[in-house]
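This note sets out comments on the structure shown below, as numbered points for a colleague's use.

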Amino acid sequence: MSRISVSKNGIRPVPRNASLERHTQRFLELRRGLEQIEYFCKGTVLKRMMKCGKARCACASDATKRHGPYFELTYKANGKTVNVKLSPEAAPLYRAAAQQYRQLKTLLNRLDKLSKTILRHQAKLAESTRQG
Ligand SMILES: [Zn+2]
């Protein structure tokens, strides 16, 4: 859609910016993706097999005889690694949430890049209407 702007110098057409429109469409598309994000959680779910520490237990010498699995959520907060124990029932919930978090981050990075591109275009357009 070409628009007409009225300036002091009379009517002049504002050139339609095809790539700006394309970027805008892409931005709206990506933004809709935010609505698809389910509950999310920063971190990684780890599955661990543990030694119990008893010298005579099979786990002491045989790695395949270790106990578990035990699950934990690990993430960084204020530069420190935090580990939270998870029940076997909770583990898949948190794993899915961690996956959602990564998706959200990817989406945000793309939106950020796209926004900057669009802002550059918009700034150029705004500058082009400056009265010399
Ligand atoms: Zn053991």
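This is a predicted model: local features need pLDDT of at least 70, side-chain atom pairs count only at pLDDT 80 or more; totals for chains, interfaces and linings use all residues.

The points below go from the overall fold to the sheet, the metal site and the helix.

1. The protein holds 2 helices and 5 strands. Read from the N terminus, its elements follow the order β-β-α-β-β-β-α. Of its 132 residues, 20% count as buried. Among contacts between residues at least 6 apart in sequence, 55% join residues at least 24 apart.

2. Three strands make up an open sheet in the order 3-4-5, and their pairing is antiparallel. Strand 3 and strand 5 are the edge strands, each having a single partner, so one side of each is left without a neighbour in the sheet. On average, neighbouring strands of this sheet are turned by 35° against each other, direction ignored.

3. Pairing of strand 3 with strand 4. These two strands pair in the antiparallel sense over 6 bridges.

4. Pairing of strand 4 with strand 5. Strand 5 covers residues 80-86, and its antiparallel pairing with strand 4 extends over 7 bridges. Glu72 stands opposite Lys85 in strand 5, Tyr75 stands opposite Val82, and Lys76 stands opposite Thr81. In a regular strand, side chains alternate between the two faces of the sheet.

5. The hairpin turn. Strand 4 and strand 5 form a hairpin with 2 residues between them. Asn78 lies in the loop that links these strands. Its phi is near 50°, a positive value in a residue other than glycine. Asn78 counts as exposed, because its relative accessibility is 83% and the cut-off for that class is over 50%.

6. Ala77, also in strand 4. Ala77 belongs to strand 4. With a relative accessibility of 29%, Ala77 counts as partly exposed. Ala77 and Lys42 are 35 residues apart in sequence, and their C-alpha atoms are 9.7 Å apart in space.

7. A cis peptide bond. The bond joining Gly68 and Pro69 is cis, with omega at about 10°. Pro69 is placed in strand 4.

8. The zinc site: donors and geometry. Which protein atoms are the donors of the zinc ion? They are SG of Cys52, SG of Cys57, SG of Cys59 and NE2 of His67, lying 1.9 to 2.3 Å from the ion. The 4 donor atoms subtend angles of 104 to 115° around the zinc ion, which makes the arrangement tetrahedral. The criterion behind that assignment is that all angles lie between 85 and 135 degrees.

9. The donor residues are spaced C-x4-C-x1-C-x7-H in sequence. Cys57 lies in the loop between strand 3 (44-50) and strand 4 (67-77), while His67 lies in strand 4, so this pair ties together parts that are 10 residues apart in sequence. His67 is partly exposed, at a relative accessible area of 28%.

10. Helix 2: buried residues and what covers them. The buried residues of helix 2 include Ala90, Ala91, Ala97 and Ala98. Also among them are Leu104, Leu107, Leu111, Leu114 and Ile118. Gln100, Thr117 and His121 are buried in helix 2 as well. What covers the buried residues of this helix includes helix 1 (18-35), together with strand 3, strand 4 and strand 5.

Conventions: Residues are numbered from 1 along each chain as its sequence is written. Side-chain values use heavy atoms; hydrogens and water are left out. Donors are N, O and S atoms within 2.8 Å of the metal (3.2 Å for Na, K and Ca); water is not among the atoms, so sites may look incomplete. Four donors count as tetrahedral if all angles lie between 85 and 135 degrees; four count as square planar and six as octahedral if opposite donors are over 155 degrees apart and all others between 65 and 115; anything else is irregular. Helices (H or I, at least four residues) and strands (E, at least two) are DSSP runs, numbered from the N terminus. Buried means under 20% relative accessible area, exposed over 50%, partly exposed in between (1.4 Å probe, protein chains only). Two strands pair if DSSP finds at least two bridges between them. Contact means heavy atoms within 4.5 Å. Axes are lines fitted to C-alpha atoms, for helices over the stretch in contact, and angles run from 0 to 180 degrees between N-to-C directions.
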